[in-house]
Amino acid sequence: MRCGTLRRDGEVLLHSVWRADTWWLRLRGLLGRAPLRAGQGLLIQPCNSVHTFAMGYPLDLLFFDRDGHVLEWRERVRPWRGAACLRAHATLELAEDSLQALQPVRGERLAWWPAEPSTAASHAALAGESP
């Protein structure tokens, strides 16, 4: 899984955002992984709905259109629930209460940027992946 950052106008908002952009990575998502911490996220694309079945912790969710504009968000989605935004092309899963720090605005553009090669290995280790 590739790691990068989430940015607003070039400013880093989240330092470790893994990108799930294959069928298998989207299917697995966060299942069987350690809970996300502050500053971390999982960007799933394409994706317009997610579930928290079999998860032991709540998530904050941010939905984007194809160009990275914020459409909607959901706070503290508890385990065994689902959430959708039918117009979304991508969904960002975040640790609970992360949206309070991000303060998203509908219509603003947030961008995922790939990590620099020197930091990619350390970010991969955080995700429990081999570099």
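Colleague: In this predicted model, which side chain meets that of R87 in a salt bridge?
Modeller: The contact of R87 is a salt bridge with an N to O distance of 3.9 Å, which lies within the 4 Å cut-off. The partner, from the side chains of the model, is E72.

Colleague: How many residues apart in sequence are the parts that R87 and E72 tie together?
Modeller: The salt bridge joins the side chains of R87 and E72. R87 belongs to the loop between β7 (82-84) and β8, while E72 belongs to strand β6, so the parts tied together are separated in sequence by 15 residues.

Colleague: Is R87 buried or exposed?
Modeller: The relative accessible area of R87 is 58%, and the class of exposed residues begins over 50%. E72, its salt-bridge partner, has 22% and is partly exposed. R87, by contrast, counts as exposed.

Colleague: Which residue forms a salt bridge with D97?
Modeller: The closest N and O atoms of this pair are 2.8 Å apart. The pair links distant parts of the chain, 21 residues apart: D97 is in the loop between β8 and α2 (98-102), and its partner is in strand β6.

Colleague: How many salt bridges does a search of the whole structure find?
Modeller: Over the whole structure, the number of salt bridges is six.

Colleague: In what order do the strands of the open sheet stand, and which strands are at its edges?
Modeller: The sheet has seven strands with mixed pairing, in the order β6-β5-β8-β3-β2-β1-β9. Each edge strand has a single partner strand, so one of its sides is left without a neighbour in the sheet; these edge strands are β6 and β9 (111-114).

Colleague: What is the average twist from one strand to the next?
Modeller: The strands concerned are those of the open sheet, which runs from β6 to β9. From one strand to the next, the average twist is 30°.

Colleague: Which residues of β5 point one way, and which the other?
Modeller: Strand β5 (residues 59-64) is mostly covered, with six of its six residues buried. In a regular strand, side chains alternate between the two faces of the sheet. In β5, one way is taken by L59, L61 and F63, and the other by D60, L62 and F64.

Colleague: Which residues stand opposite L59 in β6 and in β8?
Modeller: β5 pairs with strand β6 (residues 70-77) in the antiparallel sense over five bridges. β5 is also antiparallel to strand β8 (residues 90-95), with six bridges joining the two. In β6, the residue opposite L59 is V77, and in β8 its bridge partner is A95.

Colleague: Which residue takes a positive phi in the hairpin of β5 and β6?
Modeller: Five residues lie between the two strands of this hairpin. The residue with a positive phi, near 90°, is G68.

Colleague: In β8, what is the bridge partner of G41?
Modeller: Strand β3 (residues 40-44) and β8 run antiparallel and are joined by four bridges. Within β8, the bridge partner of G41 is L94.

Colleague: With which side chain does S16 make a polar contact?
Modeller: S16 is in strand β2 and is buried, at 0% relative accessibility. The contact is 2.9 Å and involves the side chain of H15.

Colleague: How much accessible area does the nonpolar patch of W23, W24 and L27 have?
Modeller: One member, L27, is placed in helix α1 and is partly exposed at 49% relative accessibility. Together, the patch residues on the surface have an accessible area of about 420 Å².

How values were computed
Residues numbered from 1 in each chain as written. Predicted model: local features only at pLDDT ≥ 70, side-chain atom pairs only at ≥ 80, totals over all residues. Heavy atoms only, no water. Buried < 20%, exposed > 50% of the residue type's maximum accessible area, 1.4 Å probe, protein only. Pairing = 2+ DSSP bridges. Polar contact = N/O pair within 3.5 Å; in protein donor to acceptor, adjacent residues only side chain to side chain. Axes fitted to C-alpha atoms, helices over the stretch in contact; angles between N-to-C directions. Patch = residues over 30% accessible without salt bridge, like charges linked within 9 Å, V, L, I, M, F, W, Y side chains within 5 Å. Areas by Shrake-Rupley, 256 points an atom, 1.4 Å probe, with all protein chains shown as cover.
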